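Colleague: I would like to go through this model term by term. Tell me what each label rests on.

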Amino acid sequence: MGGAYIARKLLAALFTLFFVLAFNFFLFRVMPSDPVSINARSERLTRQDIQEQLENFGLLDPLPTQFVRFVGNTFQGDFGLSFVTGTPVTAEIGARVWPTVLLVGLSTLLATVFGVLIGIKGAWKRGSAFDTTSLFGSLVFYSMPEGWLGMILILIFVGWLGWFPAGGYTSGLESGFGNIVDVAKHLFLPCLTLTLGYIGEYAIVMRSSVLEVKNEEFVATARAKGVRDKDVRRHHAVPNALLPTLTLVFYSFGFVLGGAIIVEYVFSWPGLGALTYNAINDLDYPVLQAIFLLSSALVILFNLFADILYGYLDPRVREG
């Protein structure tokens with residue numbers, strides 16, 4: 001792959017990241033509230049106390065000065081203190097990252113694998129009962145809100161069948177391998193919710209890609225040579241149809257994170273989604289600012305991976 005193509009994509013990603021950094025700074029300074037007005041709700045604060053808080057938060061400095069300080073602190077990993085707990089924001093986020101990585105990562109993997117397989121089989125057997133049923137199911141799950149789906153699963157698997165706990169990360173009563181099993185039980189329903197919520201999207205895209213590839217001349221040539229049907233599908237059609245689906249996985253990563261906010265709240269899953277929801281209710285701006293920047297940076301990074309992957313697999317993109 002040409003170095004100019006990668007450099008061009010990397011430069012665009014850095015420019016986008018800087019724009020997000022600047023937008024993140026000014027967004028939380030045009031909000032109807034700020035740290036001082038939030039804390040000033042207490043009648044115990046005097047005018048002098050409020051003035052001291054303005055100085056402590058640096059809100060008396062000119063905006064350019066505040067922005068330079070904000071950028072410097074961001075690159076040092078310093079996002080300030082939480083208004084609610086008083087602990088460093090990095091510690092708040094660090095304690096919530098891995099539950100979200102576990103939930104979103106596993107859900108994305110399962111949705112991709114099963115969505116791709118469903119799309120391949122449905123497209124190759126177009127018009128069959130499996131294709132009709134899977135396409136209908138994909139459209140239903142694709143259009144279904146994750147929060148509503150999660151509550152339905154709670155009613156079925158918790159209220160009716162009683163197979164799984166209603167929420168949380170662990171019961172805290174087990175250790176060793178028993179704790180792993182306990183976490184898996186708590187993970188099942190939120191993971192199933194996100195998997196069902198996004199499996200339809202991948203299945204529809206993969207089905208469309210395979211149907212398009214089936215009409216290409218190289219597939220007809222392979223069949224004319226007497227290649228077995230399953231080998232045509234496995235070695236000719238599927239590899240060429242995978243490209244749009246793989247790039248979709250990277251591009252849609254940000255939407256999966258957005259869906260995780262509702263799912264984590266519904267299932268009381270202690271990840272970044274639940275932290276975001278609580279920070280919005282508590283007007284905990286430092287936490288919101290850090291999560292917004294982290295989420296945006298991850299989306300930009302995954303989009304960069306998708307662009308590079310697309311350029312590697314399809315030379316026409318690099319030439320364009």
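**Cavity, rings and fold**

Modeller: Ile 118, Gly 119, Ser 134, Leu 135, Ser 138, Ala 203, Ile 204 and Arg 207 line the largest cavity. Helix 5 (89-124), helix 6 (129-143) and helix 8 (177-214) each give two or more residues to that lining. The model is predicted: local features need pLDDT of at least 70, side-chain atom pairs count only at pLDDT 80 or more, and totals for chains, interfaces and linings use all residues. Residues are numbered from 1 along each chain as its sequence is written, and side-chain values use heavy atoms, without hydrogens and water.

Colleague: What makes a set of points a cavity, and which residues count as its lining?

Modeller: On a 1 Å grid over the protein atoms alone, a 1.4 Å probe fits at the points but cannot get out; lining residues have an atom within 4 Å of a point. The structure holds one cavity of 30 Å³ or more. The volume of the largest cavity is about 40 Å³, taken as the space filled by probe spheres set on the points.

Colleague: What is the lining of the largest cavity by class?

Modeller: Four nonpolar, three polar and one charged residues. Gly counts as polar here, and Arg as charged.

Colleague: Why is the pair of Phe 157 and Phe 164 called edge-to-face?

Modeller: Rings of Phe, Tyr and Trp (its six-membered ring) pair if their centres lie within 6.5 Å; planes under 30 degrees apart are stacked, over 60 edge-to-face, the rest tilted. The centres of Phe 157 and Phe 164 are 6.1 Å apart and the planes are at 65°, so this pair is edge-to-face.

Colleague: What about Phe 157 and Phe 188?

Modeller: Also an edge-to-face pair, with 6.2 Å centre to centre and 75° between the planes. Phe 157 lies in helix 7 (residues 146-160) and Phe 188 in helix 8, 31 residues apart. Ring pairs link Phe 157, Trp 163, Phe 164 and Phe 188 into a cluster.

Colleague: Why does Phe 157 count as buried?

Modeller: Buried means under 20% relative accessible area, exposed over 50%, partly exposed in between (1.4 Å probe, protein chains only). Phe 157 is at 16%, so it counts as buried. Phe 188 is at 34%, so Phe 188 counts as partly exposed.

Colleague: How do you know that the charged end of Lys 121 sits over the ring of Phe 130?

Modeller: The test asks for NZ of Lys or CZ of Arg within 6 Å of the ring centre and within 35 degrees of the ring normal. For Lys 121 and Phe 130 the distance is 4.6 Å.

Colleague: How many helices and strands are there?

Modeller: 14 helices and zero strands. Both are DSSP runs numbered from the N terminus: helices are H or I, at least four residues, and strands E, at least two.

Technical notes. On a 1 Å grid over the protein atoms alone, a cavity is a set of points where a 1.4 Å probe fits but cannot get out, and a pocket is an open set with protein on both sides within 12 Å along at least five of seven lines; lining residues have an atom within 4 Å of a point.
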